[in-house]
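Subject: Structure handover

Hello,

Here is the structure, with notes on pockets and salt bridges below. Please look through the model alongside them.

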Amino acid sequence: MTKHFFDVGGNIGQTFDWLATLPHDYSDHTIWVFEPSPRHYTKLITKCKEMSKKYTIKLCPFGLGGKNDTITFYEKDDDKGDSFETWLKSDHEVTNIHQGYEVVASMISLPEFILKVTEPGDEVVLDIDSEGSEYPMLEALVKNPEAMKRVTEIIAEFHHIKNPERFMSKDELKAEIAKHNIKLLMRGFA
């Protein structure tokens with residue numbers, strides 16, 4: 001049995017700093033860091049190199065979502081708000097910025113990725129701060145019982161997005177996750 005910690009929305013690697021404050025720092029887990037925003041790679045790679053003395057790290061330069069796709073990824077005026085969503089709000093609204101190029105990023109289905117890189121009996125902790133992608137990602141996960149069996153805990157930050165009715169609501173997701181007896185810690189503003 002292998003333990004996995006998925007840092008979904010790795011940004012510049014600040015999750016490692018947060019893990020250091022916890023009673024259990026997850027150093028017995030393989031840390032998977034997912035970040036589709038290329039403007040964060042330099043700092044994120046530096047942080048991963050620094051933390052590689054303590055953790056087994058797998059850096060994934062793509063996003064996780066509800067399906068496999070290649071779509072526009074929007075850089076925002078708050079560099080912690082880059083997103084596959086065109087409009088996003090947490091404790092404040094972020095706006096898209098245009099820097100003379102368009103970022104087109106890959107998105108991989110969360111449940112498909114779990115089933116590809118883990119084995120039956122493995123344990124997966126999800127730490128999701130994906131700036132709006134949490135809705136389709138978790139909806140796809142709760143609809144995939146095989147992937148759900150491998151998840152032991154979900155830490156999720158929820159955001160306000162445009163046309164949220166496209167996906168299951170936060171309350172519907174909470175109810176589905178509870179049916180699987182998975183520990184859920186919610187952060188966020190939605």
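The lining of the second largest pocket has 6 nonpolar, 4 polar and 5 charged residues. (Nonpolar is Ala, Val, Leu, Ile, Met, Phe, Trp, Tyr, Cys and Pro; charged is Asp, Glu, Lys and Arg; the others, Gly among them, are polar.) This is a predicted model: local features need pLDDT of at least 70, side-chain atom pairs pLDDT 80 or more, while totals for chains, interfaces and linings use all residues. Numbering runs from 1 along each chain as its sequence is written, and side-chain values use heavy atoms, without hydrogens or water.

The largest pocket holds about 550 Å³ of space. It is lined by 37 residues, with Gly9, Asn11, Lys80, Asp129 and Glu131 closest to its centre. (A pocket is an open set of points on a 1 Å grid over the protein atoms alone, where a 1.4 Å probe fits, with protein on both sides within 12 Å along at least five of seven lines; lining residues have an atom within 4 Å of a point.) The classes here are 11 nonpolar, 14 polar and 12 charged.

Now the salt bridges. There are 13 (side-chain nitrogen of Lys or Arg within 4 Å of a carboxyl oxygen of Asp or Glu). Lys3 pairs with Asp28, closest N and O atoms 3.4 Å apart. Glu176 and Lys179 meet at 2.9 Å, N to O. Glu176 is partly exposed at 22% relative accessibility; Lys179 is exposed at 60%. (Buried is under 20%, exposed over 50%, partly exposed in between; 1.4 Å probe, protein chains only.) Asp17, Lys47 and Glu50 form a salt-bridge network.

Best regards

Note on methods
Grid points are joined across faces, edges and corners, and a volume is the space filled by probe spheres set on the points.
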